[in-house]
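Here are a few quick notes from going through the model. Have a look at the structure first, then see whether you read it the way I do.

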Amino acid sequence: MKHRWKPIVMAVIVFLGAAVLAAYRMGVRVLQARVAVALGPGSRLTEIKVNWFSIELLGLTIDAPKGWPAARTLESERVTIIPDLRTLLSRQIRIASMVVERPYLSVLRTPGKLILVPSLTQIENSQHGRPSNRGSTRAVLISKIELKDGVLELHDATVRRPPLRIDIVQLDAVIQDVAMPAVGRTQFDLAGIVKGAKRDGRATVSGWVGPGARDSSSRVGLAALDLVTLQPYLVKRNEAQVTGGTLDLNLHTEVRNNNLNGKGNVVLKDLEFAQSRSVFESFMGVPRNAVIGFLKDHDNAIDVDFTLAGDTSNASFSLNESLSTRIATAMAGQLGVSIQNVAEGLGSLGRKGLEGAGSLIEGVGSAVKHLFGSGK
């Protein structure tokens, strides 16, 4: 009798397994339909490939809107998404992982904001000027997003018009615990090669940011970046222009309830200047001749420590101004000279800088919400 039950039990197990797999595959196909609709106009896909436990977007391209500084906002050879399909009908959609292979991203930095893939991350306005209900009220949580061997074009409109373009290649990034709406800490870890006019350098950024960027922690490391490329961040147009040199930077910041404390170190090496236009010419507010004399006596390098502190809800100053001011003040102190054309008391890191990081994280979550949260 016992032996007669074994085939029946095995048949039931096989049937249930097949039913589960069929339901899972059906759920993936529902997800596939949502992706195709959510990408919207201006986007192209070579193929949507459905596997048993994942969905792959092959040959993804999203064109840029009018006025964008690049032709495309996003391109990727392959995006692999592993969803938790059990949550598709729940109030919170969970994505186990997203892996983006060889992506290209063009990002626009404006005062207070980093904008990426605006067709997905920016909520469209209705005819009455109110946000449309393009996405659902359901929450989205992505456990991990990986970018592998990517290219990022940063178009920075905070330093000049048209925006300054900085290219970062061989970009690898891991972003964890992305939620929309934001509810907790989002961890990030990025590394890439920063292209320069005369040489390439390396950049690393890691840390976490909380909802609204009221709390955050970050470490930034820049190694051997080309000063000619970074010149707009440090030097005013009427100052001595740099024709060569490198910058190393290490910066650690902590923000708690909008109160920032940061410590950093910067090393300027092998500085070369264009021909002087005036005996009163300066570099970052410091007399040019004093800088040249100091370099000759210190192995052609300026090594200074600096601090950042203040209320990040104060929008009076931008990150660019605060950082360059602090570096210039520390450099002038080490050189033993007075700094020119820089007001005392500057150096509070404006909220515009931190909102950039917050908007980037929220943008990623918003994009996924639009892709997978269309059902109610």
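Which residues of helix α4 (residues 288-297) are buried?

1. Keep in mind that this is a predicted model. In α4, the buried set is Arg288, Val291, Phe294 and Leu295. They sit on the same side of the helix, because the arc they cover around the axis is only 130°.

2. On the face turned away from the buried side you'll find the exposed residues Asn289, Lys296 and Asp297. Past the helix, check the backbone at aspartate 299, which follows α4 and has a positive phi, near 55°.

3. On aromatics, searching the whole structure turns up 1 pair. It is edge-to-face, because the planes of phenylalanine 273 and phenylalanine 283 are at 70°, with the ring centres 5.3 Å apart. The two partners come from distant parts of the chain, 10 residues apart: phenylalanine 273 belongs to strand β14 (residues 259-273) and phenylalanine 283 to strand β15 (residues 282-283).

4. The cut-off for buried is under 20%.

5. Two arginines are worth a look for charge-over-ring geometry. Arginine 72 has its charged end over the ring of tyrosine 104, 4.3 Å from the ring's centre. Arginine 185 lies over the face of tryptophan 208, with 3.7 Å to the ring centre.

Definitions and conventions
Residues numbered from 1 in each chain as written. Predicted model: local features only at pLDDT ≥ 70, side-chain atom pairs only at ≥ 80, totals over all residues. Heavy atoms only, no water. Buried < 20%, exposed > 50% of the residue type's maximum accessible area, 1.4 Å probe, protein only. Helix = DSSP H or I, 4+ residues; strand = E, 2+ residues; numbered from the N terminus. Arc of directions from axis to C-beta. Phe/Tyr/Trp six-rings, centres within 6.5 Å; stacked < 30°, edge-to-face > 60°. Lys NZ or Arg CZ within 6 Å of the ring centre and 35° of its normal.
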